[in-house]
Amino acid sequence: MRIISGTHKGRRLTAPKNLPVRPTTDFAKEALFNILRVRYYFDELNVLDLFAGTGNISFEFASRAVPNITSVDAHQGCIQYINKVSEEFEFPINAIKSDVAKYLESASGKFDVIFADPPYDFEVSDLENIVKAVFEKNLLAEEGVLIIEHSKMNDLSKENNFTEARKYGGNVFSFFS
């Protein structure tokens with residue numbers, strides 16, 4: 001995994017092999033950040049990264065000067081790795097060990113970007129629950145966006161607040177606002 005742009009552009013990161021993760025590919029990540037950079041000023045964002053895994057997406061936001069990033073994952077090893085890299089690179093990431101559904105139940109505040117990359121074996125109903133929780137808890141800022149990365153086998157286009165989907169190989173980013 002590598003950081004594509006920003007202050008740490010080109011830095012390669014090697015996560016421990018025992019983490020239960022499937023990092024977003026560099027190709028898909030670069031496409032996602034190309035979309036986001038025309039919509040937002042990164043240095044003004046408040047970002048929530050759900051199912052953060054290795055922190056791949058959080059690190060990319062941090063390298064691009066995002067001042068406030070919250071990364072949530074249930075796996076202790078993932079949280080430890082995110083904390084280690086954040087400390088080494090002086091990234092403003094608050095890593096929280098929690099089940100995402102439980103985190104969303106008690107979450108508060110407003111986020112400009114909420115990125116969720118749940119396991120690809122999640123049922124469509126589980127993905128729909130993420131959308132429902134984010135909007136019921138009113139977690140998005142006025143011009144905010146929820147992005148869910150999922151398998152091309154799932155279709156979220158019928159969900160409330162759906163705006164678009166972008167496909168990159170087997171990956172799909174569904175956008176909600």
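In strand E7 (residues 171–176), Val172 stands opposite His150. The strands pair in the sense that DSSP finds at least two bridges between them, and 6 bridges join strand E5 (residues 140–151) to E7 in an antiparallel arrangement. E6 and E7 also run antiparallel and are joined by 6 bridges, with Phe173 in E7 as the bridge partner of Arg166. The hairpin of E6 and E7 has 2 residues between the strands, and Gly169 takes a positive phi near 65° there. Helices (H or I, at least four residues) and strands (E, at least two) are DSSP runs, numbered from the N terminus.

The model is predicted, with local features requiring pLDDT of at least 70 and side-chain atom pairs counted only at pLDDT 80 or more, whereas totals for chains, interfaces and linings use all residues. Residues are numbered from 1 along each chain as its sequence is written, and side-chain values use heavy atoms, with hydrogens and water left out.

E7 is largely enclosed by the rest of the structure, because 6 of its 6 residues are buried. Buried denotes under 20% relative accessible area, exposed over 50% and partly exposed the range in between (1.4 Å probe, protein chains only). In a regular strand the side chains alternate between the two faces of the sheet. Asn171, Phe173 and Phe175 point one way from E7, Val172, Ser174 and Phe176 point the other way, and all are buried.

Asn171, which lies in E7, is buried with a relative accessible area of 10%. Its side chain is joined to that of Tyr120 by a polar contact of 3.1 Å. A polar contact is a pair of N or O atoms within 3.5 Å; within protein, one must be able to donate a hydrogen and the other to accept it, and residues adjacent in sequence count only if both atoms are side-chain atoms. With residues up to four places away in sequence not counted, Asn171 touches Thr24, Thr25, Ala28, Tyr120, Glu149, His150 and Arg166, contact being defined as heavy atoms within 4.5 Å.

The structure holds 11 aromatic pairs. Rings of Phe, Tyr and Trp (its six-membered ring) pair if their centres lie within 6.5 Å, and planes under 30 degrees apart count as stacked, over 60 as edge-to-face and the rest as tilted. Phe27 and Tyr168 form an edge-to-face pair, at 5.9 Å centre to centre and 75° between the planes. This pair links distant parts of the chain, with Phe27 in helix H1 and Tyr168 in strand E6 (residues 162–168), 141 residues apart. Phe27 counts as exposed at 59% relative accessibility, whereas Tyr168 is buried with a relative accessible area of 15%. The pair of Phe115 and Phe173 is tilted, because the ring centres lie 6.2 Å apart and the planes stand at 55°. Phe115 in strand E4 and Phe173 in E7 are 58 residues apart, and their pair likewise links distant parts of the chain. Phe115 is buried at 1% relative accessibility, and Phe173 is buried at 0%. Ring pairs link Phe27, Phe115, Tyr168 and Phe173 into a cluster.

Phe173 is also among the residues with the most contacts inside the largest nonpolar core, which has 36 residues; the others are Leu32, Leu45, Phe59, Phe61, Val113 and Ile147. The elements giving two or more residues to this core are H1, H2, H3, E3, E4, E5 and E7. A nonpolar core is a set of buried Ala, Val, Leu, Ile, Met, Phe, Trp, Tyr and Cys residues joined through side-chain atoms within 4.5 Å. Among the residues that Val113 touches are Leu45, Phe61 and Ile147. A second, separate core of 22 residues includes Leu50, Val131, Val134 and Ile148.

Helix H2 (residues 56–63) is mostly covered, with 8 of its 8 residues buried. The elements that cover these residues include helices H1 (26–37) and H3 (76–89), together with strands E1 (46–50), E2 (68–73), E3 (93–97) and E4 (111–116). Just after H2, Ala65 takes a positive phi of about 75°.

Overall, the secondary structure comes to 5 helices and 7 strands, in the order α-β-α-β-α-β-α-β-α-β-β-β from the N terminus. Of the 177 residues of the chain, 51% count as buried. Residues 24 or more positions apart account for 67% of the contacts with a separation of 6 or more.
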